[in-house]
Each structure stands twice: as structure tokens, then as C-alpha cells.
Amino acid sequence: MQVEPYKSYLQLDKTLKGLCISRRLREAVGLLCATVVQVEPRTCDLLLQECIFRKEYKKGRRIHALMVVVGYDPSEYLKTKLLILYVKSGDLGTTHVLFDNLLEKSLVSWNAMILGSLSDGHRVIDKSLNRNVVMWTALISGYGQHGKVVEVLESFHRMKTVGFKPNYVTFLSVLSACSHGGLLDEGWAYFSSMTKDYGI
């Protein structure tokens with residue numbers, strides 16, 4: 001790819017956004033890496049989001065590497081976006097490093113860590129200062145997506161024990177896990193509880 005000289009980084013930003021919006025992610029990442037220039041945060045966000053959406057994790061890693069090379073200090077928002085990229089790619093080592101370096105741990109970053117760290121999801125929740133039903137539901141859903149039915153049910157009961165009321169998304173994850181695990185009687189019991197005890 002021949003790189004055109006850009007009069008300003010704003011012109012480069014517009015070109016990158018245009019390539020990304022027109023679903024030419026490979027060209028956008030190639031151009032960004034070939035120019036080795038720092039771009040606007042919104043452009044990085046758009047490129048990283050496209051990488052996540054299309055499961056183009058290697059391209060996302062290239063963007064992150066370029067950010068490091070040009071000395072770009074991303075906002076907490078972009079750091080969280082990178083965290084999500086690495087969680088979804090399965091690179092839990094980098095995920096933990098990014099998470100530990102976040103100054104402001106948001107609900108989104110905690111949920112990403114829970115989904116990425118299912119083996120120690122309870123430890124992640126226990127460390128959080130902002131525990132809520134969304135975090136518990138993310139943990140339960142993550143266990144369910146990985147076929148860990150026992151962990152789904154244990155987490156569900158622990159969530160209720162510590163005082164959080166499950167919502168319809170929580171129950172959907174529990175019912176799905178029961179279905180996949182062949183626990184039909186338990187599934188019916190949870191379904192009954194959902195309507196009788198929680199009015200859902």
C-alpha cells in the first residue's frame with residue numbers, strides 16, 4: 001500500500017473514519033500503521049470498536065501497539081475499550097495488566113473482567129466497590145456461555161445471599177444454563193420463582 005502524504009492528522013482522521021465506515025477495516029488499520037501518526041481518540045475508538053465487532057483481534061492489537069509506539073496516552077474510556085478487545089480475544093494476561101492500570105474502574109470494565117476471568121469471577125466481584133446486579137448477571141451469563149452450569153447456579157444463589165435481587169436477564173441466563181445442562185426440574189423451579197417471588 002502506498003501511503004499518501006497527509007497535510008494534517010485531521011485529514012488522516014477523516015480518511016481512517018471513512019475507510020472504517022465503508023467496512024474497509026483492513027485498509028484503515030494498514031494506513032494507520034503505515035503513517036505511524038497519533039490520531040484523535042474518537043478515531044481510535046471507532047477502529048477498536050470495529051475490530052471488536054468483526055472479531056479482528058489481531059488488527060486491534062496492531063492499533064494498540066501503534067498507540068504505544070507513538071506515545072499515545074489513551075483516556076480511561078479507550079483503555080476500557082482495549083480491555084474489552086483483549087477479553088474477547090482471550091488474552092487474559094494483557095487484560096489483567098490493563099485492568100490493574102485503570103485509574104477509574106467503571107461498571108463496563110468490571111463486567112469485562114468478570115466475563116474474561118470466569119475462573120476467579122467471584123474474586124473480581126469481591127474487589128469491586130460498586131457491586132450490583134449487572135455485575136452478578138455478567139458473571140452468571142459468562143459462566144452460562146461457557147457451559148459452567150454449576151457455577152451459574154452457585155453464583156445465582158450467592159448473589160441472592162448477599163442481597164441482590166435478580167432481574168429478567170439474570171433469570172434468562174439461569175434458565176438457559178439449566179436447559180443446556182439438562183436440569184429441567186431446576187429450570188421449572190427457577191421459572192416459577194421468577195414469576196412468583198420476583199414478579200418477572
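Select Tyr168, Val169 and Ile200: together these residues form a nonpolar patch on the surface, with about 280 Å² of accessible area. Areas follow the Shrake-Rupley method with a 1.4 Å probe, and for residues only the protein chains shown count as cover.

The model is predicted: local features need pLDDT of at least 70, side-chain atom pairs count only at pLDDT 80 or more, and totals for chains, interfaces and linings use all residues. Residues are numbered from 1 along each chain as its sequence is written, and side-chain values use heavy atoms, leaving out hydrogens and water.

Next, centre on Ile200, in the segment after α12 (184–196); helices here are DSSP runs (H or I, at least four residues), numbered from the N terminus. Ile200 is partly exposed, at 35% relative accessibility (buried is under 20%, exposed over 50%, partly exposed in between).

Now turn to the aromatic pairs, of which the structure holds four (ring centres within 6.5 Å, using the six-membered ring of Trp; edge-to-face means planes over 60 degrees apart). Select Phe156 and Tyr190, an edge-to-face pair with centres 5.4 Å apart and planes at 90°. Phe156 lies in helix α10 (residues 149–161) and Tyr190 in helix α12, so the pair ties together parts 34 residues apart in sequence. Both Phe156 and Tyr190 are buried.

Definitions and conventions
Patch = residues over 30% accessible without salt bridge, like charges linked within 9 Å, V, L, I, M, F, W, Y side chains within 5 Å. Salt bridge = Lys/Arg side-chain N within 4 Å of Asp/Glu carboxyl O. Helix = DSSP H or I, 4+ residues; strand = E, 2+ residues; numbered from the N terminus. Buried < 20%, exposed > 50% of the residue type's maximum accessible area, 1.4 Å probe, protein only. Phe/Tyr/Trp six-rings, centres within 6.5 Å; stacked < 30°, edge-to-face > 60°.
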